[in-house]
Amino acid sequence: LAGAVAAPALAAAARGAGAAQAAPSPGSPTPLAVTADVQARMDARLRLMRVALGQEPADLVIEGGTLLNTVTGELLPGWGVAIAGDRIAAVGDVARHTGPATVRLSATGMTLVPGFVDAHYHCESSRLSARRHAELTLPQGLTAYFEGTHEITNAVGGLPGVEYFAEAGRRLPQKIYPCVSSATPPSPVETTSGHIGHAETAFAFRRWPAQALGIDEVMDLPRVLDGSARLHGVIQATLDDRRVVAGHGSPPLDVLDGWIAAGIMSSHSPRIAEALTMLRKGVHLQLKTERTAELIRQFLDLPLRDWRNVGLAVDDRTAADLIDRGSMDHEVRAAIALGV
């Protein structure tokens with residue numbers, strides 16, 4: 001199918017160049033038209049490519065600084081960044097990417113670093129709106145976070161809570177990825193919190209495909225193990241759409257394999273006794289440094305050679321604590337102090 005579909009402009013150009021138009025053979029499939037949204041994404045990517053090649057000027061160029069490469073661990077003086085739209089087109093010598101309309105920013109004396117991404121977070125714990133929260137945490141380097149929405153969805157009756165963060169994130173320079181609540185209602189006996197099951201989860205992924213990238217912390221271990229229709233419907237909708245099923249806590253080791261087999265992929269609150277076994281079995285761990293300092297020391301003592309399945313998370317922090325300590329910048333400083 002991919003080989004049969006051509007952008008209309010390319011098809012027209014081929015016809016204009018006198019390309020042979022073979023009649024479709026009987027029974028051959030009719031080529032599917034590229035939809036407008038697919039064409040728009042293709043056009044944006046092609047423009048990004050042209051800017052990267054120096055064929056079109058970038059919208060923004062940051063130059064004169066030192067780039068931190070987190071893959072190689074190098075500090076690269078003189079490396080700049082060229083940006084087209086909301087994407088990075090090129091890094092390195094970006095002089096050829098400038099034009100008369102390009103905005104040029106000097107980073108002389110500064111180090112260019114990637115923004116922090118919080119793997120599991122509750123903006124509501126800050127007691128701030130999403131906009132006020134961004135005003136506080138974006139200058140601390142928090143450029144994106146995965147919002148666990150079960151607190152707000154249980155207060156507003158379901159998916160309107162996901163919608164609030166999806167819409168707020170569209171208007172802010174801080175990216176917000178609201179994970180659909182796996183715990184609405186939070187228990188089988190609660191009736192006033194709304195309902196998110198298979199249908200609601202599948203709808204959310206269709207409604208906010210680029211923002212709702214999974215479900216938040218599956219935390220009801222008894223409902224996981226007893227096959228709750230609502231909860232497993234939420235999980236199934238997520239797996240069917242190839243999105244992330246985030247977990248919570250540390251199941252006892254005798255049921256850990258079943259918890260993983262149910263589809264759960266991560267935990268931001270592992271107990272030290274179970275954490276290494278969870279990591280050995282493929283669970284992604286998101287560590288809160290104040291609660292897992294001993295675990296981080298154990299990983300260093302192993303030594304753990306591949307940290308790609310270990311991340312950091314703030315989870316909950318009030319506005320006062322964000323001001324006093326910071327957000328993900330505090331977690332990174334604390335991890336470095338422990339020896340990471």
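Me: Which residue in S9 is the bridge partner of tyrosine 121?
Reply: Glutamate 147 is the one, in this predicted model.

Me: How do you know that S8 and S9 count as paired strands?
Reply: Pairing asks for at least two bridges found by DSSP. S8 is joined to S9 (residues 142-148) by four bridges, so the pair qualifies under that rule. The two strands run parallel.

Me: What makes S8 and S10 edge strands?
Reply: The order in this open sheet of three strands is S8-S9-S10, with parallel pairing. Strand S8 (116-121) and strand S10 (175-179) each have a single partner strand, so one side of each has no neighbour in the sheet. On average, and with direction ignored, neighbouring strands here are turned by 15° against each other.

Me: Which helix lies across S8 and S9?
Reply: Helix H13, residues 328-338, does that, and its direction is at about 100° to S8.

Me: Now to another helix. Why is threonine 292 called buried?
Reply: Buried means under 20% relative accessible area. Threonine 292 has 5% relative accessibility, so it counts as buried. Its place is in helix H11, residues 289-301.

Me: Which residues is threonine 292 in contact with, leaving aside neighbours within four places in sequence?
Reply: Those are Pro270 and Leu287.

How values were computed. Residues numbered from 1 in each chain as written. Predicted model: local features only at pLDDT ≥ 70, side-chain atom pairs only at ≥ 80, totals over all residues. Heavy atoms only, no water. Buried < 20%, exposed > 50% of the residue type's maximum accessible area, 1.4 Å probe, protein only. Contact = heavy atoms within 4.5 Å. Axes fitted to C-alpha atoms, helices over the stretch in contact; angles between N-to-C directions.
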